[in-house]
Amino acid sequence: MTDVEESTVEVHPVSFPPEILARISPDLSLQRHLSLGFRPSSRGFEEFRDITINTGDVTRRIQSDDNSVKIPPNNGKQGLGSCVLKQGDVFVITQITGGIIEDITLSKNDMELEDDTELLEITKEHSDITKYSSVYPVVEINRGRMGACTDEEMTISQRLYDSLLHSHILTQDVLRVEPGVRITNEDGSVSIIYPDTKENKEITNALKPKKKWSYVLYAKIEVFGRTGPVYDMCWNSLIAALQSVKLPRTFIDERATDLKMTVRARGRNAVVMETYNLLCDPNESTNLQLRENSISYASTYGIIDLDPEADITNLENNDDVDEPMDEGLETKTVLLADIDGEAEETSIKSTISITACPNGRFKQFSVVGGGAKITKELLMRSITLSKQRSRDITLKVQTV
Amino acid sequence: MNVQDRRRILGPIEAKPLAFPETKSTSNEETTVVLPEFQAPSIQTNLLKNCNGSCIIENENTSILSSIYGPRSTRSNLFESRCLINVTIKSAVFPTSELKELSSFLINVLESFVCLELYPKAGIDVFINLNIEQVSDLSWYIPYIMMSIVLGLVDAGIEISDLPGCGFNDNNAICFTKNGSEVIGIWRDKGDIKDESSFGDSLDICKDQYLQIKGLMASYLLSKLDDDKST
Amino acid sequence: MTLSVAEKSYLYDSLASSPSIRPDGRQQHQFRPIEIYTDFLPSSNGSSRIIASDGSECIVSVKAKVVDHTIDDDLLQIEVEIAGERDDSLITESCTSLFNKLLRNIDIKKLQLTKKYSFKLFIDVLVISSNSNPVSLISFGIYSSLNCTSLPKLVSNFDDLEVEELPMFHDYDLVKLEVDPPLVFVLGIVKNNIFIDPAANESEVANNGLMISWINGRTIAPMRTFALNDTNTKGFSPKLMQEGIKLVERYAPDIANALQNI
């Protein structure tokens, strides 16, 4: 204030340390990083985050021979399969639980048709989505808030459900319940007969009720430490968890199969009792049969136009910023694999999401335009990368 | 209750959960079941990036993840001269009302050792995720839960007056502080208290366990400090 | 209740002194006077209304239903509602969970009607107003309502495993339910003193609270500590727990007696 005469104020360029710039202008920060040839996370353009997968870790021990393991009566919420996936700093825990539903769509009249399933398959394979099934996913992204689910959680859940259904990985047939029959022998011992052998099949067929049941699968997917878009991780974790699913075998008590008994029971109680109580065998289970060649893994790519103005090398050469930029400067477009971090998530509007099988078949492919110049080469490149990534994840899942 | 949450894909309502037959010996087993002894778990802090502090405590069948958010501003318009603590426990195994009871117990325990006066007009939210494979009584998990909360708070840089801990013996989960000279909480869910002396014995065992846990936590924190220095 | 800093300090010091001086001159083990009315709801099997001297009030109703205990073995179900609190609020849910655990101590064989059927009791608790922690009040309410519960008299056969019939009841006669209901005592801790039934102003300065359950001469689970206020909570000497247990064991029979004589 002492120097009142000085009329011109000198403007100093303000500079920020990288962390602060990343907060106040993620866009610029990202461009600056990219111009130097790497990403804010110091990954290369086409570098994925490291991924580790553990399946069957948090599962209830269905087939344990250790007698000391007490089978917990935890309200039928038992996990059938699970997966803990860690990608970068993000954890995804998926737990698969199950339920049983009476199949109304398949009434007794379909019995004859059932023998012709092969024929049915040939004629209808291309159109009939009803033959395939999905799991019911609930995605929870932990971010220290309580209350209603967020849009992101709802969108991802819906997307997982639809993608899984259309990926044809689960057929309705494998979810069909083949109940055994629990028989009390003459000496009082109890045994369960499953329709595995021909002989047993005859017995169970004779005792089996005319109803049909199916398993329903639920997936609870919890995301911890979200740092960027999480759809890929949820999908990959769900697929890995599904491969670890063991369905418990179910049986009906021989007495419950007897129609007369149930009628009597009803008269005695004056309440409608559960006529057929399907019980699960704690000792026997089968692996869930997935369609192997439909197992696919997801990856996401971002496409961004490099802004020549943000290029640090340019900046240093051009001291005078006011001068019009070189018209000849070509905007370059780059492909970034596996988007992560705040800067990338907010600044990259054009994305490609690919769900691919390791053998190169695609289950899902979506491109969001978002204004960037998406060239044929970039698309090709993303496809190649997605195949590689899929193969990579397959190996990780298998080695578990 | 028959209104389904339409925001989530919960599947058909008619579906029934898988029912396992009740084992005949359940009732006998329940009384004789011996809860596993305290096992030194593996500890890891600072693993989640979107919260202020986190800690995972794992042993063979259990993993307990705590994530601490805060101190951060609260939604309330009132001026609070002290920090508000909230604890939320998530688990698929235990009924929600029991978890809420435990949360309110833990809030009370936390209030006695977190320096709340230092964070006026703020809130600390503690989220606990229990991933349990082999189920014991809820009270059996309290020592581990306490451990994960305390280390999570340390990781978040929230000031606490001591490294408190909890021991479990004879259905008592007793939380101590100040080297066992003070009790900050007791949780007992079942079993009669026969007489004072047996209760006193169990108190001493809990205290020993607390000192053991305190040692574990201290050595973990010190080794972490060394690691941080060297890098 | 909001006390000024000076009031709190005065109250704390007098409670912490030895022997402790309670603001209303009560002794360590003394309860505030309570009023109890029983059997006032005509449509339930047993009911009670309990009013504490500070105006806290609670209504308990017991209703019964016949269930097949081979299917449903959860024969006591309690629902707590606290006026001014949401159903899913921390305090309501904790109370419900606490009392459900407490009632597991009741011998459910007493509810058995026949080899197949039992009464299932639904206990509904409504706390109309509460100035201090309502747990003790609720437990007294449950105690007195269970004590005055009468259930229809069974006239059909006890052994109905082979015979297919539903239990039949007498048109008019009722049988008194004979169970030992548990009681919960709330104790306040101030420095090195422990006392039963802290009033609102005592709760305000207490360092901690201890909850001890008791049934027919035995100290039982659940046992808990819980903060009586959110500003003064501190640790306490382990000895105080034993002292609390001793205190309850000594005076609980008298209280049970008093409640039984209503």
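**Confidence and packing in a predicted complex**

Reader: For residues 106-113 of chain A, where pLDDT stays under 50, how many contacts beyond four places in sequence does the model have?
Author: This is a predicted model, and the confidence along residues 106-113 of chain A stays under 50. Where pLDDT is low, the predicted coordinates should not be read in detail. With that caution, the number of contacts that the model has for this stretch beyond four places in sequence is 3.

Reader: Which other stretch of chain A has a pLDDT that stays under 50, and what is the mean pLDDT of the chain?
Author: The pLDDT also stays under 50 over residues 258-274 of chain A, for which the model has 10 contacts beyond four places in sequence. Across chain A, 73% of the residues reach a pLDDT of 70 or more, and the mean for the chain is 77.

Reader: What are the mean pLDDT values of chain B and chain C?
Author: In chain B, 90% of the residues reach 70 or more, with a mean of 85, although over residues 24-33 of chain B the pLDDT is below 50 and the stretch has 2 contacts beyond near neighbours in sequence. In chain C, 98% of the residues reach 70 or more. The means are therefore to be read as the predictor's confidence in each residue, from 0 to 100, and they are 85 for chain B and 90 for chain C.

Reader: Is helix 5 of chain A parallel, perpendicular or oblique to helix 8 of chain A?
Author: Helix 5 (residues 151-166) and helix 8 (residues 231-243) of chain A pack with their axes 11 Å apart and at an angle of about 45°. Because angles under 35 degrees count as roughly parallel and those from 65 to 115 as roughly perpendicular, this angle makes helix 5 of chain A, relative to helix 8 of chain A, oblique.

Reader: Which are the edge strands of the open sheet of 5 strands in chain B?
Author: The strand order in this sheet of chain B is 2-3-4-6-5, with mixed pairing. An edge strand here pairs on one side only, and that holds for strand 2 (42-45) and strand 5 (84-90) of chain B.

Reader: How many bridges join strand 4 of chain B to strand 6 of chain B?
Author: Strand 4 (residues 62-73) and strand 6 (residues 122-132) of chain B run antiparallel, and Arg72(B) stands opposite Gly123(B) in strand 6 of chain B. Helix 3 (residues 138-155) of chain B lies across strand 2, strand 3 (53-59), strand 4 and strand 6 of chain B. The number of bridges joining strand 4 of chain B to strand 6 of chain B is 10.

How values were computed:
Residues numbered from 1 in each chain as written. Chains lettered and ligands numbered in written order. Predicted model: local features only at pLDDT ≥ 70, side-chain atom pairs only at ≥ 80, totals over all residues. Contact = placed C-beta atoms within 7 Å. Axes fitted to C-alpha atoms, helices over the stretch in contact; angles between N-to-C directions. Helix = DSSP H or I, 4+ residues; strand = E, 2+ residues; numbered from the N terminus. Parallel < 35°, antiparallel > 145°, perpendicular 65-115°, else oblique. Pairing = 2+ DSSP bridges.
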